Amino acid sequence: MLGISVYLGNDPRHMEPLVAKAQSYQFQSIFTSLHIPEDDPAVYRERLKRLGMLAKQYNMLLFADVSSQSLAYLNMDQPTELVAWGVTGLRLDDGYNDQEIVEWSKQMKIGLNASTVNEDMLKRWICLGLNIQNVEAWHNFYPRPETGLDVRFFVARNQMFQQYGIATTAFIPGDHKLRGPLYAGLPTLEKHRKQAPHLACAELLFQYHVDHVLIGDISAKDCTLSLLASLAEKIVPLRCVMKNQDDENLRLLVEGTHTNRLDLARDVIRSQESRLYAQKNGMKIMPSSVISRTKGSVTIDNDLYNRYAGELQITKRSLPKDARVNVVAKVVDEDIPLLECIGPGQKFRIIVQSSVS
């Protein structure tokens with residue numbers, strides 16, 4: 001599941017366009033913060049109601065980050081009152097006691113602080129009756145550079161929660177309108193701070209096995225949202241530039257969704273559909289562009305490779321030229337790291353571009 005962030009302190013006129021666009025790109029959730037300034041509780045109350053209505057209208061989940069003072073500012077006694085406003089669940093900051101956490105888990109989704117809740121605390125709450133089916137583990141985002149999480153710590157925390165069947169959530173930065181006051185991105189992992197959002201998202205989903213990923217910043221570019229939409233389908237998007245843009249038959253073989261074979265190769269990603277496609281369409285593939293295969297080369301075995309003719313591969317490392325292998329395209333440099341996310345049986349989508357954008 002992928003999500004966006006909508007902050008109640010921003011211009012409310014931008015609220016619906018953000019939600020509508022996210023939903024059109026297959027995003028399923030919205031995150032907001034209820035860390036409310038003392039002088040603006042009435043304004044935030046109305047904006048939260050509006051956001052909850054939009055979440056219902058666009059069939060999206062709405063999660064809110066709350067402090068121990070948030071409910072008082074909203075003139076509420078129980079957080080479950082927020083459900084009527086369209087709030088799906090609460091990410092609990094520190095300051096809540098065992099009884100509150102356990103009781104609220106029986107009535108709505110709650111997100112525990114994935115970085116500060118330890119296994120002893122979790123076991124204690126389970127013994128007290130925690131409804132683990134309503135519990136998720138949410139990491140923070142980190143506005144200040146150099147304060148994002150260390151990867152090893154992050155992985156260890158996720159593994160602990162996943163042992164109990166608890167889904168994990170993390171944030172990636174945006175690449176359009178960043179959130180102030182620092183405007184330095186809002187990632188969970190420090191390594192993702194200046195990374196392209198789709199690269200950070202793919203790494204979280206496919207290498208660190210995070211369940212839910214949200215854009216922490218205010219927005220992302222449309223082209224980025226399109227790439228993230230592929231990831232929402234569990235498909236790794238790879239932008240490529242073809243050597244011969246005018247060969248329509250070859251383009252039909254290359255462009256589209258492929259599946260990496262289950263018997264994982266060391267050197268290449270192998271499309272399990274490509275040979276059958278070439279055979280069904282009677283494609284004759286003569287030797288052409290027989291050159292060295294740098295990492296990220298998209299290749300097709302030509303007719304000299306006999307029964308392998310028509311097999312599409314992407315090189316995971318540089319390989320020498322082979323008279324039986326045509327180099328037909330190249331993965332754009334920015335997307336090369338995504339090759340590490342394509343494991344056995346993993347679907348990937350080749351997006352042919354006219355040039356590097």
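This is a predicted model: local features need pLDDT of at least 70, side-chain atom pairs count only at pLDDT 80 or more; totals for chains, interfaces and linings use all residues.
At 16% relative accessibility, Tyr208 counts as buried, since the limit for that class is under 20%.

**Overall architecture**

The protein chain holds 10 helices and 15 strands. Its C-alpha trace spans about 75 × 45 × 40 Å along the principal axes. Of its 357 residues, 50% count as buried. The chain exposes about 16400 Å², and carbon and sulfur atoms supply 49% of that area. Among contacts with a separation of 6 or more, 77% join residues 24 or more positions apart.

**Aromatic pairs**

Nine aromatic pairs are found in a search of the whole structure. Phe31 and Phe171 make up one of them: the ring centres are 5.2 Å apart and the planes stand at 70 degrees, so the arrangement is edge-to-face. Because Phe31 is in strand β2 (residues 29-33) and Phe171 in strand β7 (residues 167-172), this pair ties together parts that are 140 residues apart in sequence. Phe31 is buried, with a relative accessible area of 2%; Phe171 likewise counts as buried, at 2%.

Phe154 and Tyr208 form another edge-to-face pair, with 6.0 Å from centre to centre and 75 degrees between the planes. Phe154 belongs to helix α6 (residues 151-163) and Tyr208 to the loop between α7 and β8 (212-215), so the pair ties together parts that are 54 residues apart in sequence. Phe154 has a relative accessible area of 0% and is buried.

Phe31 and Phe171 also belong to one aromatic cluster, together with Phe63, Trp138 and Phe141.

**Charges over rings**

| Charged residue | Ring | Distance to ring centre |
|---|---|---|
| Arg179 | Tyr7 | 3.6 Å |
| Arg324 | Tyr305 | 4.0 Å |

**Nonpolar cores**

The largest nonpolar core contains 94 residues, of which Leu82, Val298 and Ile314 touch the most other members. Helix α7 (residues 197-207) gives the most to this core, contributing seven residues. With residues up to four places away in sequence left out, Leu82 touches Leu34, Leu48, Leu71, Leu74, Met76, Val87 and Leu90. Another core, of eight residues, lies apart from the largest one; Tyr7, Phe31, Phe171 and Leu214 are among its members.

**Helix α1**

In helix α1 (residues 15-24), the buried residues include Met15, Val19 and Ala22. They lie on the same side of α1, because they cover an arc of only 65 degrees around the axis. The buried residues of α1 pack against β1 (2-5), β2 and α2 (41-57). After α1 comes Gln26, which has a positive phi, near 75 degrees.

Technical notes
Residues are numbered from 1 along each chain as its sequence is written. Side-chain values use heavy atoms; hydrogens and water are left out. A nonpolar core is a set of buried Ala, Val, Leu, Ile, Met, Phe, Trp, Tyr and Cys residues joined through side-chain atoms within 4.5 Å. Buried means under 20% relative accessible area, exposed over 50%, partly exposed in between (1.4 Å probe, protein chains only). Helices (H or I, at least four residues) and strands (E, at least two) are DSSP runs, numbered from the N terminus. Contact means heavy atoms within 4.5 Å. Rings of Phe, Tyr and Trp (its six-membered ring) pair if their centres lie within 6.5 Å; planes under 30 degrees apart count as stacked, over 60 as edge-to-face and the rest as tilted. A charge sits over a ring if NZ of Lys or CZ of Arg is within 6 Å of the ring centre and within 35 degrees of the ring normal. Accessible areas come from the Shrake-Rupley method with a 1.4 Å probe; for residues, only the protein chains shown count as cover. The arc is that of the directions from the helix axis to the C-beta atoms.
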